[in-house]
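I opened a new notebook page for this structure, and I set down below what I looked up, in the order in which I came to each topic.

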Amino acid sequence: MSKRIVGIVAVVLVAAMLTAVALCGITIADFELLPLTSSIGTVNRDHEIGDGRAFFITAKLSENSTAEEHEAALEKLRVAISARAISLGYNDVTVSSYDNNKLLVEGNAISTTDLAYLTAQGNLTFETADGNVIYTSKNFTAVQPAYGPVSSETDIQYYVMYALDEAGAQALKEATTVYSSSEMVAANKNYISVKLDGTVLTQYAFNEPYTETVAQISANFSEDFARYLATTALLGKLDAEMTASVSQPISPMWGFATDKMAVLGFGIGLIIVLVLLLVFYRLCGFAGIVSTISALSLSAILISAFRLKLSSAVIVAIIATILVALTMNITLFESIKSSLHTGRSASLAVSEGFSATTKAMLEQAGIVAIIAITMLIFGSNDARVFGGALLIAVISAYVSVMICTRVILKGFASFRVKNMKLFGI
């Protein structure tokens, strides 16, 4: 009996250790095994963000501004990012203020290419033929996309209208006065280049000084690019250095990991299920709790070890670990209770229960494993991730039931318990 007690204690300690590793991580030699949250970090530019991930945009704003100016700048940034997202075709994306210098972006899957556009600084400069910068988008007082003829000689098209502040308007007037002279015209230097991050978008020739405070940027833009350029100008004016980092990813339906109430609800639901397991099955229920927690922790450790991102597919696979482990345990417990009802001893009932259900549990695990392997081999990227995580889940559940539940129940049965209520009867 002492060996059985040692076995129970060992299994409980191993379950506790697995849980600690799953939650806190561990370093073995040069290999660092971290909890699932370690997969949440800087956006990997080589892959799709996908899965409706939420991510933060951290804006480095002016340190010399007052709290009110800082808040106003962040709100302008939020509006500009929202407009830019729409210009890229992400109409369901929502952008909200998170704290003093962060914006939280939630919605449909956004490709890394579009994320780069979404967070690009976008430096608009207006330069002479000699490369001298006349003014930049920081001199804009207003900017918006427009649609119509840009002159009496052009067709209807998309373009960007902007208004200049006093310094920008004066710089434009002085530059065009100099560069519209006959000498500059003869030297073919009577033009201004509009550049976005150093790339020329368009050029304008001047034969006389330009004295208006309102101007335009046009070059047969598409509607989307005109909107994008307008929001780029707004971001350039704010002078906000932006970086993007992935938050906890969300399901398009749940908003799972960004919704604290959803996470809390999941935890409370799991606790309720485990408590009910203990109430209905007593000693068997205790074994089931240790087994389920072990399966969940082992699944999380393996998912982290294989560096799977914590996407909605992986979250579903983790939940599947709990469901498979609970299903196997309950099938086993009901078989044990049936044997106890016929007058069998606890030890014999446990042995018969495992003998009667091992094949069924193996078949259950096998069916799920076949589905997971099929998805892993033939599925798309997301399907492969789900298939791999699901395979890890079913293996973790089966191993935990076969080891943890078996050792604990055989240990309890060796105590020669006569009160069958302790086994849920």
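**Strands, then charged pairs**

I began with Val160, which stands opposite Ile217 in S12. I note that this is a predicted model, in which local features need pLDDT of at least 70 and side-chain atom pairs count only at pLDDT 80 or more, while totals for chains, interfaces and linings use all residues. Residues are numbered from 1 along each chain as its sequence is written, and side-chain values use heavy atoms, with hydrogens and water left out.

I then looked up the pairing of strand S9 (residues 156-164) and found five bridges joining S9 to S12, antiparallel to each other; strands are DSSP runs of E with at least two residues, numbered from the N terminus, and two of them pair if DSSP finds at least two bridges between them. The open sheet has three strands in the order S8-S9-S12. S8 (140-149) and S12 (214-221) each have a single partner strand, so one side of each is left without a neighbour in the sheet.

Next I searched the whole structure for salt bridges (a side-chain nitrogen of Lys or Arg within 4 Å of a carboxyl oxygen of Asp or Glu) and found five. One of them joins Glu127 and Lys195, at 3.1 Å from N to O. Glu127 lies in strand S6 (residues 124-128) and Lys195 in strand S10 (residues 191-196), so the pair ties together parts that are 68 residues apart in sequence. I found both Glu127 and Lys195 buried, where buried means under 20% relative accessible area, exposed over 50%, and partly exposed in between (1.4 Å probe, protein chains only).

Technical notes
Helices (H or I, at least four residues) and strands (E, at least two) are DSSP runs, numbered from the N terminus.
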